[in-house]
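Subject: Structure for you to look through

Dear colleague,

Please find below the structure that I promised to hand over to you. Have a look at it first, and then read on for what was found in it.

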Amino acid sequence: MQHGPAVRRRKLGAELRALRTSAGLTSGEAARMAGWHQSKVSRIETGTSGVKPADVRLLLDVYGVADPQLRELLQVLSGTGDGGGRHHWWHAYRGVLPPTYRDFISLESQASAMRTLETTVIPGLLQTPEYARAVTEAALEGESEERLDALVEVRLARQHVLRAEPPLELSAVLDEAVLRREVGGPGVMARQLSRLVDAALLPQVRLQVLPFSAGAHIGVTGPFVIFSFSRTSDLDVVVLDHLTSSHYLERKEDLRAYSEAFNALSTHALSPEDSLDYIAGAVAGA
């Protein structure tokens, strides 16, 4: 397991190495064309040193990469992307966001698809403002009102990825406990469940409920997120959240294991149609 920056550097380096190879260049030739020493290209490709977005742009120019989406994604992986638009809105909150959260948001902003198992709370991308506030207050007890307000703003701003063009494709398996836990009180929970019903009708959102009757399942070890990228599967990553940090899994065997786990959970969960009925019933009983 690695922290986000190390994973991103290694993934970025591997992708840049593949692009250099496709361009028919040796590392020495690429370095000369960029005006660098060969060791700099080697350090970037092995992920042993950080790289600035300007350096990424230069290498992509050297390799003849014109695809704007791929260029943007690789610059975001540098960790300090300086582009505009929705991809970098979180920079305004650098003072209140821990680095691991910024890493998560940067990946989320560029991913084409997200698969998640949630065992405790509603996914952040589907939370109402009231619910988000209640969750944030519980997680950061004693925090100042100003910082809580900022973190809730961030949580809500993240939801734009579901309305972007193209939108993030979200597939979520929700343990029944997520629907039964009264976060914020009955009124807040009722409105949150209604929001889930609305979200489930969106073409880019697939929700499934894993009922208590399913018994023990592979997801009992805890929630996880799998980010996928349309340009290259080599950038896919699993994110595991802990109380004070997040861990990122990038090995192919880890990605395969968590993908298989998610598929198994989807098989044991209610169908999207039955899940919608189940959530609607929970709304009626809330």
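This is a predicted model: local features need pLDDT of at least 70, side-chain atom pairs count only at pLDDT 80 or more; totals for chains, interfaces and linings use all residues.

Helices (H or I, at least four residues) and strands (E, at least two) are runs assigned by DSSP and numbered from the N terminus.

Residues are numbered from 1 along each chain as its sequence is written, and side-chain values use heavy atoms, with hydrogens and water left out.

The chain as a whole

The chain has 12 helices and six strands, and its C-alpha atoms fill a box of roughly 70 × 40 × 30 Å along the principal axes. The radius of gyration, which is taken over C-alpha atoms, is compared with a globule rule of 2.2 Å times the number of residues to the power 0.38. For 286 residues a compact globule would have a value near 19 Å, and the 21 Å of the chain agrees with this.

Of the 286 residues, 51% count as buried, where buried means under 20% relative accessible area, exposed means over 50%, and partly exposed lies in between (1.4 Å probe, protein chains only). If we take a contact to mean heavy atoms within 4.5 Å, then residues 24 or more positions apart account for 71% of the contacts in the chain with a separation of 6 or more.

An aromatic pair

Rings of Phe, Tyr and Trp (its six-membered ring) pair if their centres lie within 6.5 Å, and planes under 30 degrees apart count as stacked, over 60 as edge-to-face and the rest as tilted. A search of the whole structure finds two aromatic pairs. In one of them, the rings of Phe224 and Tyr258 have centres 5.0 Å apart and planes at 75°, so this pair is edge-to-face. The pair links distant parts of the chain, since Phe224 belongs to strand 4 (residues 224-228) and Tyr258 to helix 11 (residues 252-268), 34 residues apart. Phe224 counts as buried, at 5% relative accessibility, whereas Tyr258 is partly exposed, with a relative accessible area of 23%.

Arg102 sits in helix 6 (residues 99-110) and is buried, with a relative accessible area of 17%. Not counting residues up to four places away in sequence, Arg102 touches Trp90, Arg94 and Leu97.

Glu72, in helix 5 (residues 68-77), also counts as buried, at 17% relative accessibility. Glu72 and Arg57 are 15 residues apart in sequence, and their C-alpha atoms are 9.2 Å apart in space.

To come back to Thr120, this residue is partly exposed, with a relative accessible area of 38%. Leaving aside neighbours within four places in sequence, Thr120 is in contact with Val178 and Arg181; the C-alpha atoms of Thr120 and Arg181 are separated by 7.9 Å, although the two residues are 61 apart along the chain.

Finally, which residues are joined by a cis peptide bond with omega of about 0°? They are Glu165 and Pro166, and Pro166 lies in the loop between helix 8 (145-158) and strand 2 (169-175).
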